[in-house]
Structures are given as C-alpha cells and as structure tokens.
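This report sets out selected local and sheet-level features of one protein model.

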Amino acid sequence: MKLLKLLSGLKNIELKNFKNVNISNISLNSKELEKNGLFFAINGQNFNGDMFVGDAVNNGAVAVVCEKNLEVDVPQVVVENVRLAMSLISKNFFHKADEKLKIIEVVGTNGKTTTATMIYEVLKCAGKKVGLIGTNGVMIGDISLPSVLTTPDPIEMHYIFEQMVMFGIEYCVMEVSAQAMHLHKMAGVNPSMLVYTNITPEHLDYFGSMENYANIKINYILSHKNANVIINSDDEYGRKLLKKIRATSYGIFNPADVFALDISMTLTRSSFLCNAFDDVFEVNSSFVGEYNVYNMLACISVCKLIGINTKLVQNGLLNLKKVDGRWEVFDFKNNNKVIVDYAHTPDGFEKVLNLVKML
C-alpha cells in the first residue's frame, strides 16, 4: 500500500524527505521490520523509539512515523502523537476491516471479561457469526488465539479485525481497558454498541488518581454518543452518565430498562426473574454472585437490542461455559472446596469474599 494512502485521515502532519513509497509491513519494533516497512518511533516509559530508527532502516524500513525531525534519509511523517497516528494508519493498512464488523465494546473496571464472554457465547448460541477479543485471548468463531493484553495494540488489533472479516464474522465483542483509551488504541474505531459495567479503584499507580481514571472512561463513553450505549444504573458513575447520554439502562436496585427480581443462588447455580423492556422471563445459570447477575443483565440488554429471541437468550445463558479463573469451584476430599477467582481490585475482593461468606 502506498504511504499517502496509509496517511488518510491523519491531521497536522509534516512530511520530510517525502516519497510515496510502497509499504508492505508496519511495526513499532525495529527488529520485526522487513523490506518496505514502516516504523513507528514510539516514546515509551523505558525506551525512546527515536533511538532505534537506524536499526529499523537497516532492517528494511523505508519510512518512519515520528514526533520530531530525525537524521535519516528515508521519508519521515512527523506527527503530534505517534500512538494516535499508529492507530489510524493500522486501520488503513488492514483495509478498514473494523468498519465491516459490528463491534460491541465492553468498558469498566470489573466484569469486562465475563460480560464480553457471555455476550460472545449467547450470540454464538443464537447462530450469529461472532468473534471475541479480551483478557483470556481471541476467538474467531471457534478458533482460539492467545493475546498478551486485554486490548491488543492497534497493529495486532486491526490484523485481528481483518482476519475476522475473512472468516465471515459479523459481530466482534471486545474488552476495552482504560490504558487502551489513554494510549489512543481505539482511535478511528466506532463501535455499534458500548456496554458500561462500573468504575471502581484500579490502576491508580498508572493514572495517578481516581478522578483521572474515571474521567478517561467517562470521556471515552461520551465520545461515542452515536453508539447504542448500555449502562449500569446501580453504579454511581453510571447514574451520572445516564444524565449526560441517551442510553439503555440495566440494574437491580435503581429504575432500569432491564432489571432482575427474585434472585436466588447456591455455590454453583443462580436464578432470577428478568424484566427486559417489559418482556418478563426466568434466567438460570451456573454463574453465581450478584455481580454476575449484573453481567448477565448487560448481556441480555445487548442481545435484546440486537433482536435475539428470548428463548435463545435463556438457552444461551443456561448453557454458558465457565470463564477461566472466574469463580471456579473445585471439590476435594471430605467435602472440602477450593474457589479460584481473578478478583484483584478492592471492589472485586469485597464482592467475592462477601459471596463466599453468604453461601
């Protein structure tokens, strides 16, 4: 693909030594570049990408995206933010595959992995062609691929989008982390649906304060007013969002479009009565805990808005596979049990330990 075509949509750029070279591969790692490559000189916490431009050129880079003029002879695309530029260029390089998918993003602190997996499983059960991107890896239909990050870096992410399109995927369900928002990974990607779970303290070493952390998520959601937004009405920040944006709401204690009644559970099963847009039906599942009721309500909201038949939603939730590392109960001798859970935030610990105590 020609360099100029890759730069479509970028603003405030300066071109130095410009030639409209052909680009056959892109990378932020100078060692991974091959002939006719484009190198992104990203300044990270530990390394300055500008230091590796020479290596990148020696390995085959014929152009560089950077934030200042560099002493190399190849074409340079000087931008204000290389990470932002990388997201937009990656989208172009992989033929804007994201625009051929219906992307359902799940954002929030707790519940992203379980909620995204539930949506993926129920849509698949309903006969939809669906993919998944998240903490536990990537699913393209029934094909499983490992993933290092909750939200992959833009080059890998847009490559995955293109693979999904090639395999005929219609819906892509994905987790979007606060770091991904902050690093502009999702720039240029417009979700069709956006699910908000909650905001509780996490990654404060990275963001500095709860206010900064919350604002990253809130501003991200508010920037996608054209998406079909689904918000937890029992969450403090969720209620504030509902005053600012038109959205579907779900909850247990506060008024909502989709809500649960008569919740009961054991160590391995749960059930409740769900009212989804005045359609009332029973839900049975192997997922336990009030927090999983919220996850199921979010899933139900998505499926009903898409138009999935109620019986298919019920059947999908009934047959949900357990998510690895989320409330896994193991039986040992003498009726002893071990419960494994991924909880790693104060809110997550509190919810899991209270559930253990209650049951």
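**Helix H3**

Helix H3 is mostly covered, with ten of its twelve residues buried; buried means under 20% relative accessible area, exposed over 50% and partly exposed in between, with a 1.4 Å probe and protein chains only. Helices (H or I, at least four residues) and strands (E, at least two) are DSSP runs numbered from the N terminus. The model is predicted: local features need pLDDT of at least 70 and side-chain atom pairs count only at pLDDT 80 or more, while totals for chains, interfaces and linings use all residues. Residues are numbered from 1 along each chain as its sequence is written, and side-chain values use heavy atoms, with hydrogens and water left out.

The buried residues of H3 are Val 82, Ala 85, Met 86, Ser 87, Leu 88, Ile 89, Ser 90, Lys 91, Asn 92 and Phe 93. They pack against helix H1 (3–6), strand E2 (25–27), strand E3 (37–40), strand E4 (61–66) and helix H5 (154–166); contact means heavy atoms within 4.5 Å. The expected span of a helix is 1.5 Å times one less than its number of residues. For the twelve residues of H3 (residues 82–93) this gives 16 Å, and the end C-alpha atoms are 16 Å apart, which agrees.

At the start of H3, a side-chain oxygen of Asn 81 comes to within 2.9 Å of the backbone nitrogen of Arg 83. After the helix comes His 95, with a positive phi near 60 degrees.

**The eleven-stranded sheet**

Eleven strands form an open sheet with mixed pairing, in the order E9-E8-E7-E10-E6-E11-E12-E13-E14-E15-E16; two strands pair if DSSP finds at least two bridges between them. Strand E9 (143–145) and E16 stand at the edges, each with a single partner strand, so one side of each has no neighbour in the sheet. On average, neighbouring strands of this sheet are turned by 15 degrees against each other, direction ignored. Axes are lines fitted to C-alpha atoms, for helices over the stretch in contact, and angles run from 0 to 180 degrees between N-to-C directions.

E15 and E16 run antiparallel and are joined by seven bridges. Within this pair, Asn 275 stands opposite Val 280 in E16. Helix H10 packs on the sheet, where the strands touched include E15 and E16, and its direction makes about 40 degrees with that of E15.

**Residues with positive phi**

Most residues other than glycine have a negative phi. Asp 278, although not a glycine, has a positive phi of about 75 degrees. It is placed in the loop between strand E15 (270–276) and strand E16 (279–285), and it is exposed, with a relative accessible area of 70%.

Asn 36 is not a glycine either, yet its phi is positive, at about 65 degrees. Asn 36 is found in the loop between E2 and E3 and counts as partly exposed at 26% relative accessibility.

Lys 304 is found in helix H10 (residues 290–306). Its side chain is joined to that of Thr 310 by a polar contact of 2.7 Å; a polar contact is a pair of N or O atoms within 3.5 Å, and within protein one must be able to donate a hydrogen and the other to accept it, with residues adjacent in sequence counting only if both atoms are side-chain atoms. Leaving aside neighbours within four places in sequence, Lys 304 is in contact with Ala 276, Phe 277, Asp 279 and Thr 310.

Ser 249 is found in strand E13 and is buried, with a relative accessible area of 9%.
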